[in-house]
Amino acid sequence: RRPADVRMERYIEAAAKLSESSAPQCAAVLRSAKPAFAALLNIVILVATGYAKLYSHMYDVYSSLPLNQIQMIVGLLLCFFGGTYVTLIAAFEAFRTMGGQVLNDHLAFVWHQVKIVAEAEHIDSLLDENRNGIADVDEIGVDQLAQ
């Protein structure tokens with residue numbers, strides 16, 4: 001596989017190629033600031049990955065604890081909110097009564113779909129059907145990558 005920086009620059013070039021016909025100025029900006037965009041996107045991906053791991057770990061802890069311990073932890077956290085304590089309780093109760101469980105169900109469905117797509121993308125990125133030692137996704141041109 002190509003290094004992440006090279007792949008990121010290819011993705012930016014693909015975005016520039018797509019925007020050439022409708023917004024040539026945008027394509028020019030993407031091409032001229034490609035290193036900055038690549039660095040920014042790498043930082044965003046790193047932060048997003050960190051948050052995903054954090055939330056995944058927090059959910060594992062949440063799933064493993066009994067309800068009374070979760071309530072105890074939430075109560076302890078509420079102690080540090082000062083004057084916004086009542087507002088926080090009101091917001092939490094409004095969320096819970098106005099469809100919080102439905103939102104949780106939908107977010108669980110979306111998360112499941114994201115995991116399926118990520119796994120399929122990972123498998124596809126390692127695929128080398130012509131067995132030349134280079135992943136097929138690294139061999140395709142920018143035009144095909146943009147599709």
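Modeller: Let's begin with a contact between two helices: from α1, Asp-5, Met-8, Glu-9, Ile-12 and Glu-13 meet Lys-34, Phe-37, Ala-38, Leu-41, Asn-42 and Ile-45 of α3. Sorted by class, that contact of α1 with α3 has six nonpolar, one polar and four charged residues. Keep in mind that this is a predicted model.

Colleague: OK, and at what angle do α1 and α3 pack?

Modeller: The angle is about 115°, and the axes are 9 Å apart. Here α1 covers residues 4–19 and α3 covers residues 34–64.

Colleague: Why do α1 and α3 count as roughly perpendicular to each other?

Modeller: Because angles from 65 to 115 degrees go in that class, α1 and α3 are called roughly perpendicular.

Colleague: And is the crossing of α1 and α3 left-handed or right-handed?

Modeller: Right-handed.

Colleague: Back to Glu-13 in α1. Buried or exposed?

Modeller: Glu-13 is buried, since its relative accessible area is 17% and the cut-off for buried is under 20%.

Colleague: What is Glu-13 in contact with, leaving aside its neighbours within four places in sequence?

Modeller: Glu-13 is in contact with Arg-31, Lys-34 and Val-142.

Colleague: How far apart are the axes of α2 and α3?

Modeller: They are 5 Å apart, and the packing angle is about 75°. Helix α2 itself takes in residues 24–32. So α2 and α3 are also put down as roughly perpendicular to each other.

Colleague: New topic: rings. How many aromatic pairs are there?

Modeller: The count comes to two aromatic pairs. In one, Tyr-51 and Tyr-55 have ring centres 5.9 Å apart and planes at 25°, so that pair is stacked.

Colleague: Where are Tyr-51 and Tyr-55 in the chain?

Modeller: Both are in helix α3, four residues apart, so about one helical turn separates them. Tyr-51 has 45% relative accessibility, so Tyr-51 counts as partly exposed.

Colleague: And what is the pair formed by Tyr-59 and Tyr-62 like?

Modeller: That pair is tilted, with 6.3 Å from centre to centre and 35° between the planes. Tyr-59 and Tyr-62 also lie in helix α3, three residues apart, which is about one turn of the helix.

Colleague: How accessible is Tyr-59?

Modeller: Tyr-59 has 54% relative accessibility, so Tyr-59 counts as exposed.

Colleague: Last one: where does Leu-67 lie?

Modeller: In helix α4, which spans residues 67–78. Leu-67 counts as exposed, at 59% relative accessibility. Between the C-alpha atoms of Leu-67 and Ile-116 there are 30 Å, and those two are 49 residues apart along the chain.

Colleague: Great, thanks.

Technical notes. Residues are numbered from 1 along each chain as its sequence is written. This is a predicted model: local features need pLDDT of at least 70, side-chain atom pairs count only at pLDDT 80 or more; totals for chains, interfaces and linings use all residues. Side-chain values use heavy atoms; hydrogens and water are left out. Axes are lines fitted to C-alpha atoms, for helices over the stretch in contact, and angles run from 0 to 180 degrees between N-to-C directions. Angles under 35 degrees count as roughly parallel, over 145 as roughly antiparallel, 65 to 115 as roughly perpendicular and the rest as oblique. A crossing is left-handed if the near helix is turned anticlockwise from the far one by less than a right angle, and right-handed if clockwise. Contact means heavy atoms within 4.5 Å. Ala, Val, Leu, Ile, Met, Phe, Trp, Tyr, Cys and Pro count as nonpolar, Asp, Glu, Lys and Arg as charged, and the others, Gly among them, as polar. Rings of Phe, Tyr and Trp (its six-membered ring) pair if their centres lie within 6.5 Å; planes under 30 degrees apart count as stacked, over 60 as edge-to-face and the rest as tilted. Buried means under 20% relative accessible area, exposed over 50%, partly exposed in between (1.4 Å probe, protein chains only).
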